[in-house]
Amino acid sequence: MDDLTLIYKQNRRIIFLLWLFLIIDLLLNISLADYRSAKEVFLSSFLPLVILTFFVYKKVLVQSTMFLITLLLIIDLFVINFYHSNYINLFFVILPIFLSISYRSWRNVLISVIGCALEFMYFLKFYGSQFFTQWENTNMFYFLLFFLTFGSVLIYESKISELTRNQLKHELHEVKQLQGKLLDSQERYRAMVKQSTEGIFAFHPISKRIVEVNEEFCRLLGYEENELINLSIDEIIVADEKSVEENIKIVLAKNRFYLGERIYKCKNGNEIIVEVRATLISFHDDQIILSNIRNITEKKKAEKLIRKQDNLLNAVHEATNLLLTEEDHDQAIEASLGIIGRAIPVDHVYLFENNPTCIKLSFEWVNEDGKAIINKPIMSHIPVKSFNETEWKDALSAGKIINGPYTQFTKNGQITLRKLNIKSVLIVPIFVQDEFWGFIGFSDSVEEKTWNKNEETTLMAAATNIGVVIKHYRDSIKLQENEEKYRLIADNMTDVVALSNRKGRTLYISPSIHSLIPTLSGEEIQGYPFLKIHPDDALRVHQEFQHMFTSKSSMQTEYRWKGESGWINIELRANPIIERDGQVLKVVTISRDITERVRMEEKIRQTTSRLETLISHLPYGILAEDKDNKLILLNEQFSDLFGDPHLVDFGKNRNKEATMFFFEQKRYDQRTREIIKNREMVLDEEWALLDGRVISRDAIPIFTNEQFDGFLWQFKDITHQKKIEQSLKEASLLDGLTKISNRRYFDETMEKEWKYCSRSSKPITLIMLDIDRFKRYNDTYGHQRGDECLIKVAQTIKDTVKRPSDVVCRYGGEEFAVILPETTEEGGAYVAERIRTAIEELEIPHVASKVSPFVTCSLGVATVIPSTLSNPDEIIRMADKALYDSKNHGRNRYSLYD
């Protein structure tokens, strides 16, 4: 038990005793009616006891709780003696010392001794005469000496006890560690023996009885442990008794001896090959032989299989070399079949080719005792239909190998194999250029067996090599045919085909060279196409050929060549022939006379130049695109219109990052895509630019030989023209006297706003205004003053109506109209009153008016929500009627239409 556990248990005992003491003390005080003492004890002890009890039972601060208990006792005894001073209570002060001794902790004893001594001295110092009748202050030192002596003895005893306990604990811990290590070592060595991957058994050299075995030895031989104990080794070792005795003597003489390989017999009768090591050891005052065995049966089988595999690999290697080096294709395949057949070994190897009508036996090898089947109709030509009905067709076409004894095949297959005296068969598919060409078969007429995966893989490699040889043979035939075909083509081509080496020597040139240059000499033919090149072209052509040799890529060039009647323009295409080592030693060139084409191109260039000059002097911007919307032409006028042409994208694939030019760019792009899609011709389409200019656009599709070939776009700046038109239009819509909108503008605006409010179901208000007694004004002041009055009234109405959408018009003579879109009747009345007041405040004298000494006006207001079933004439009629109502009711007022 450790120190903390001892302290914890002692804490529980003391806490129990303190609770018992508290309860008894409370009961005694209550029974003696000393409620004051009971209250003091309860208040000073209850809460600390609860806290300490919580610490104890929760095992929190175990060692600290010990010190707290001691301090609590000292404090409680101080309180008791302070309030109830008598010698009995005073002598209880030494109680914490005796309780601290039970912990065997010298620190706790030290704390209790010091605390109790200080408390005892305090009461003797100040209250000694109350406790002892013959008390003297010097007596206090005797008590102090007592506490020091008594405390020192107790502390020494606790310290010695603690040291002794720690030493015993340390020694006990070391003993347990040694015992644990000993047990671990025993278990480890026992486990190593029992769970060893090698079989281990021990036997007595005299009686040869087995005395100990491990699990692996039992597993190897198939016995239970109790079956092997006391069993003689002669019953499990396959050897004569004399040989076993000699080996035992050697072990006894040399103390350790490797016996080598032995055959052991298992419980089920099977035999295994093991590797044995034997050692002489002492066991219970006796000598026994400890033997280790390792099962090497599979290793021996693997070694045998590896030797067989090596023979097969060597045979495949030899056959592959023969296939690659022998010029006679058929003889190489037949010899290779024999090499592989003798290495497997089998007595029959055959090669079948998959033809459109039958599966044909093409090659065959048989051993000396076998019989060939190449002349047997049953096997030499298998009909495709019959072959497709077997389970072999799908498997071989999928690249799978057929392997095993004849008994695993279908009934028809077994009948066929028995007729041929075949007991086991291995069939490997052959693929040529990823197509099923046929298969190679290996059959054994001696035993039923299945070839392993390694043999399958090796024979698959052999089949692949045979497929490569067949492909090489076919390629050589095809190459020969192609050479003849291509030479025939080259000999009959109008272009000149030549084969030259890297030094420029001509190895072949087609007869068409004579149609190009009839009098070309043999020396000149040898130098074609490098001799007689124009001096200005020679260096460039030489550099292009050098780049072709370096980059190993084809080239095309044009140059001038010295002909009989002058320089001939030659177009030449050259392709390097790359050898297997990556070098370029030869080059094939195809050349033709393009003199006439060059002349035509020159004429086209001249015509194009004239056309570009003409286009550049046109007074409008030109942009031409091909059918893929790629820019092919633009003139300076276009650049003047739009700036940098690279920032302009007028095609159907305009991206978001393209520069914005048009005020309605989105609609412009959409319209452009429609034109391109429909290939329509568009003339005089007007568009406003962001900078305030206006352009006219024409779109003209281009067709070449009735095939669409692109678009021609024409752009003309019509800003000045539009300004003139706008000025003329504005002049036609303004009243010549008052400079406000005239009756024509009123009719157009009224029609437009009527339709807008009809679509949006919003109200429209019309104010009709007439100057009161204006005829009398003209008669009194004259027509010139009358015109001036009209101008002032018109300008006042225009200034009073603030909204941009509101329209003020001269309707006729002294009559005016105000159109207020999206305005209610209340809003119309408000505007009418403002106009009336503003005109009256002009205070234009009018002595001939009976309404007022100044010019006034009468107004009629009408408001409707337009519909498709009504027209603007209706609101004009309503406003006119309201105007006459104002005149009939005294003028200088406005009236609403009822």
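**Briefing: two open sheets and selected local features**

Strand E22 (residues 764-771) and strand E25 (residues 857-864) run antiparallel and are joined by eight bridges, where strands are DSSP runs of E with at least two residues and helices are DSSP runs of H or I with at least four residues, both numbered from the N terminus. The model is predicted, so that local features need pLDDT of at least 70 and side-chain atom pairs count only at pLDDT 80 or more, while totals for chains, interfaces and linings use all residues. Residues are numbered from 1 along each chain as its sequence is written, and side-chain values use heavy atoms, with hydrogens and water left out.

**Overall make-up**

- The secondary structure of the protein comprises 29 helices and 26 strands.
- Of its 898 residues, 41% count as buried, a class that means under 20% relative accessible area, as against over 50% for exposed and the range in between for partly exposed (1.4 Å probe, protein chains only).
- Among contacts (heavy atoms within 4.5 Å) between residues at least 6 apart in sequence, 53% join residues at least 24 apart.
- The protein exposes about 52700 Å², of which carbon and sulfur atoms supply 55%; accessible areas come from the Shrake-Rupley method with a 1.4 Å probe, and for residues only the protein chains shown count as cover.

**The mixed sheet with E22 and E25**

- Five strands form an open sheet of mixed pairing in the order E23-E24-E22-E25-E26, two strands being paired if DSSP finds at least two bridges between them.
- Strand E23 (807-812) and E26 stand at the edges with a single partner strand each, so one side of each is left without a neighbour in the sheet.
- Neighbouring strands of this sheet are turned by 20 degrees against each other on average, direction ignored.
- H29 packs on the sheet, where it touches E22, E23, strand E24 (815-821), E25 and E26, and its direction makes about 145 degrees with that of E25; axes are lines fitted to C-alpha atoms, for helices over the stretch in contact, and angles run from 0 to 180 degrees between N-to-C directions.

**The antiparallel sheet**

- A five-stranded open sheet has the order E13-E12-E16-E15-E14, with antiparallel pairing.
- Its edge strands are strand E13 (506-509) and strand E14 (555-563), each of which pairs on one side only, and the twist averages 30 degrees from one strand to the next.
- Strand E12 (residues 496-501) is joined to E13 by three bridges, the two running antiparallel, and Leu 499 stands opposite Tyr 508 in E13.
- Helix H20 (residues 535-551) lies across E14, strand E15 (566-578) and strand E16 (584-593), and runs at about 145 degrees to E14.

**Individual residues**

- Thr 796, placed in helix H27 (residues 783-800), is buried with a relative accessible area of 12%; leaving aside its neighbours within four places in sequence, Thr 796 is in contact with Ala 838, Ile 839 and Leu 842.
- Asp 684, in strand E19 (residues 682-688), has a positive phi of about 55 degrees although it is not a glycine, and is exposed at a relative accessible area of 56%.
- Asn 892, also not a glycine, has a positive phi of about 50 degrees; Asn 892 is found in the loop between helix H29 (872-888) and strand E26 (894-896) and is buried, with a relative accessible area of 16%.
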